[in-house]
Amino acid sequence: MKNSCTRSGVGRRSGGFTLVEILIVVVILGILAAIVVPQFVGAQREAAEGATYSELQKLRRAIDVYLARHENALPDVTAGDGTWGALVAGDGEYLKSAPLNPYVGGANARRVVIRDTPDDAYQTGYGWVFSATTGEVWAGSFDGNDEPIPRP
């Protein structure tokens, strides 16, 4: 009677992988990961930049609508965490919630500072810059041309 693990009398197992085959697969996966992971890091940064620019455009449109409806009077924006005054108050007529700056990220992504100039260096202390003089708004860590300032 023949053993079910043998074929033609040869004592050979079937259905398993050798250590060498497993090591080859692990090496190939490591090489692929080394190629792909840096691309995902760049994609995450680009997504944060794009989302911040989109939020900036939405915020600027809300300010423009507010100015048109209130005879060019600026909204009551104050420095602080998401303090956009009438732009986010009420039923979301202008904005449903305070905008988020994912490029800055962290706890200060909604924080507003009052100043008449955009950033000239990357920072994480606030997400938005509002000019109480002109009504202009800039994203934190973006320059005056709405370009992201590289992270250090």
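Select Lys-58, which is partly exposed, with a relative accessible area of 37%. On this scale, buried means under 20% relative accessible area, exposed means over 50%, and partly exposed lies in between (1.4 Å probe, protein chains only).

Before going on, note that this is a predicted model, in which local features need pLDDT of at least 70 and side-chain atom pairs count only at pLDDT 80 or more, while totals for chains, interfaces and linings use all residues. Residues are numbered from 1 along each chain as its sequence is written, and side-chain values use heavy atoms, with hydrogens and water left out.

**First stop: Lys-58 and its partner**

The side chains of Lys-58 and Glu-55 form a salt bridge, with N and O 2.8 Å apart. A salt bridge here is a side-chain nitrogen of Lys or Arg within 4 Å of a carboxyl oxygen of Asp or Glu. Both Glu-55 and Lys-58 belong to helix α1 (residues 19–69), where three residues, about one turn of the helix, separate them. Helices (H or I, at least four residues) and strands (E, at least two) are DSSP runs, numbered from the N terminus. Glu-55 counts as buried because its relative accessibility is 18%.

**Second stop: Arg-60 and Asp-146**

Select Arg-60 and Asp-146. They form a salt bridge whose closest N and O atoms are 2.7 Å apart. Is Asp-146 buried or exposed? At 15% relative accessibility, Asp-146 counts as buried. Arg-60 is partly exposed, at 23%.

Arg-69 has a relative accessible area of 49%, so it counts as partly exposed. Glu-93 is partly exposed as well, at 48%.

**Last stop: Gly-140**

Now select Gly-140, in the segment after β4. Gly-140 counts as buried because its relative accessibility is 0%. Which residues does Gly-140 contact, leaving aside neighbours within four places in sequence? They are Asn-101, Val-104, Asp-119, Gln-123, Tyr-126, Gly-127 and Trp-128, where contact means heavy atoms within 4.5 Å. To finish, select Asp-116: its C-alpha atom is 13 Å from that of Gly-140, and the two residues are 24 apart along the chain.
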